[in-house]
Amino acid sequence: MALPARTEPRWLWPLVLSLLASVLLLVATASAAEREAAETLSIGDKVTISVFGQTDLSGDFVLDGSGAVNMPLAGRIRIAGLSAPEAEARIRSALMDGYLRDAVVSLRVAELKPVYIMGEVRSPGTYPFRHGLNVLGAIALAGGYRAGDESIAVLKSDLLLADERENLLNASLQTLMARRLRLEAERDGVKQLVPDARTSGSAQILAGEQEILDFQRRAREGERELLSQQITRLASEKTALTEQTELAERQVELTREQSTEYNKLATTGHGLRTVQVERERDYARTRSEAARLRAELAKNETALGELTLRLRELDTNYMRRVVIELQETRQKILEVERSLPTAREVAESRRRRLIASGGSGLAADWDIRITRQAGLTPVTIQAKFETVLQPGDIVQLAPRARPIEGRLPGEEAQTPERQLTGLASR
């Protein structure tokens, strides 16, 4: 039994035809707009203007920075953004405004501006413009993709070296940050390191710096303790020597008085000569003892002053060393911070070149930007391979990173936004 033929509702056909007509109208409008933009004059165009019967007014002219041509008699006439017929009409109107009774003007573009191809192509540079040239054709004129000239192995090796350089700089920066934290703790007398935002991820490095901080503190406190004990001992000896010296001075004074009184008795004949000599000996002996004690006291004070000076020098030298090391560490941090952005840029450039080295012909793998003159203002637009170029366009081609499907060896620790696309697993 035959099945009945399937028929579409009649009301659907007008809707389909209407949609198809709308699409064709949009395509035609876009194409017309591109043709109109390509046929309009812009800054830098070289045009040939002919005025019938007026050879002095005819010749080649270049549109200046304001989009005008400077003609004899009429002066500067702005024609940028106009088509050739519109420009002819404006020039004719300017010449007939007090200069010519009637003017027949003809204008044609004598030389189209070239297109400029930049970025990841084999031969970047300037190329002649021809009508209908699109982005893909411009890339072909420039020799194709530049990164495809290099082997995958060489690009991977370059990328690994660039990543290693960046990783070493990051590790060096973490080490220097931890060292600066430890030196600042030594300077401020802090016993425990407190991680900050830039050192919180380097626990092992901070633990090592904490060990150094503890060792430096114990060594310094040990030296200070030894010197302090000697200073305390010498201070006690000084106290004792001071008391002995005062007693000796008192003894000298007493023996001097006794010797003086006995000399008076000896002068009147009431004293013995032997006793007088003995009194003089006691006086001389006490004076000698007092002098010895004064010498011991002076020696003690000298030793005490030297130890006090050594203690101050210990603190001063320690602080000087800390400040010098801190200054050197800060300088090294600045040097690493200056080098790190360049290293990251080099690594990212290597990564993009490796992405492009697959020779991908997909527009999704490339970031294409065109800078063109829109009247007097340059604008930058996002383009595709099929985008039609205009005279003077500047095409910039760069690889675009895609979601990762695999990694290169040694990239396990890298962040996702810095990993390669599926080329690493090919």
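Mentor: Let's begin with a term: a residue is called buried when its relative accessible area is under 20%, and exposed when that area is over 50%. Keep in mind that we are looking at a predicted model.

Trainee: Thanks! Then are Asp163 and Arg351 buried or exposed?

Mentor: Both Asp163 and Arg351 are buried. As a general idea, side chains of opposite charge can pair when their charged atoms come close. Here the side chains of Asp163 and Arg351 form a salt bridge, with 3.0 Å from N to O. This pair ties together distant parts of the chain, since Asp163 sits in helix H4 (residues 152-188) and Arg351 in helix H6, 188 residues apart.

Trainee: How many salt bridges does the structure hold?

Mentor: There are 24 salt bridges. One of them brings Asp393 and Arg372 together at 2.7 Å, N to O. That pair, too, links distant parts of the chain: Asp393 is in the loop between strand E9 (377-382) and strand E10 (394-399), while Arg372 is in strand E8 (residues 366-374). Asp393 has a relative accessible area of 0%, so it counts as buried. Arg372, at 14%, is buried as well.

Trainee: Which residues of H2 are buried?

Mentor: In H2 (residues 84-95), the buried residues are Ala87, Ile91 and Leu95. Viewed down the helix axis, they fall within an arc of 70°, so they line one face of H2. Their packing partners are strand E1 (46-51), strand E3 (68-71), strand E4 (75-78) and strand E5 (105-111).

Trainee: What is Asn300 in contact with, beyond its neighbours within four places in sequence?

Mentor: Asn300 touches Leu234, Glu237, Lys238 and Leu241. Asn300 belongs to helix H6 (residues 273-356) and is buried, at 5% relative accessibility.

Trainee: Finally, which residues make the nonpolar surface patch?

Mentor: Tyr116, Met118 and Ile394 make a nonpolar surface patch of about 230 Å². Tyr116 lies in strand E6 (residues 115-119) and is partly exposed, with a relative accessible area of 31%.

Note on methods:
Residues numbered from 1 in each chain as written. Predicted model: local features only at pLDDT ≥ 70, side-chain atom pairs only at ≥ 80, totals over all residues. Heavy atoms only, no water. Helix = DSSP H or I, 4+ residues; strand = E, 2+ residues; numbered from the N terminus. Expected span 1.5 Å × (residues − 1). Buried < 20%, exposed > 50% of the residue type's maximum accessible area, 1.4 Å probe, protein only. Arc of directions from axis to C-beta. Contact = heavy atoms within 4.5 Å. Patch = residues over 30% accessible without salt bridge, like charges linked within 9 Å, V, L, I, M, F, W, Y side chains within 5 Å. Areas by Shrake-Rupley, 256 points an atom, 1.4 Å probe, with all protein chains shown as cover. Salt bridge = Lys/Arg side-chain N within 4 Å of Asp/Glu carboxyl O.
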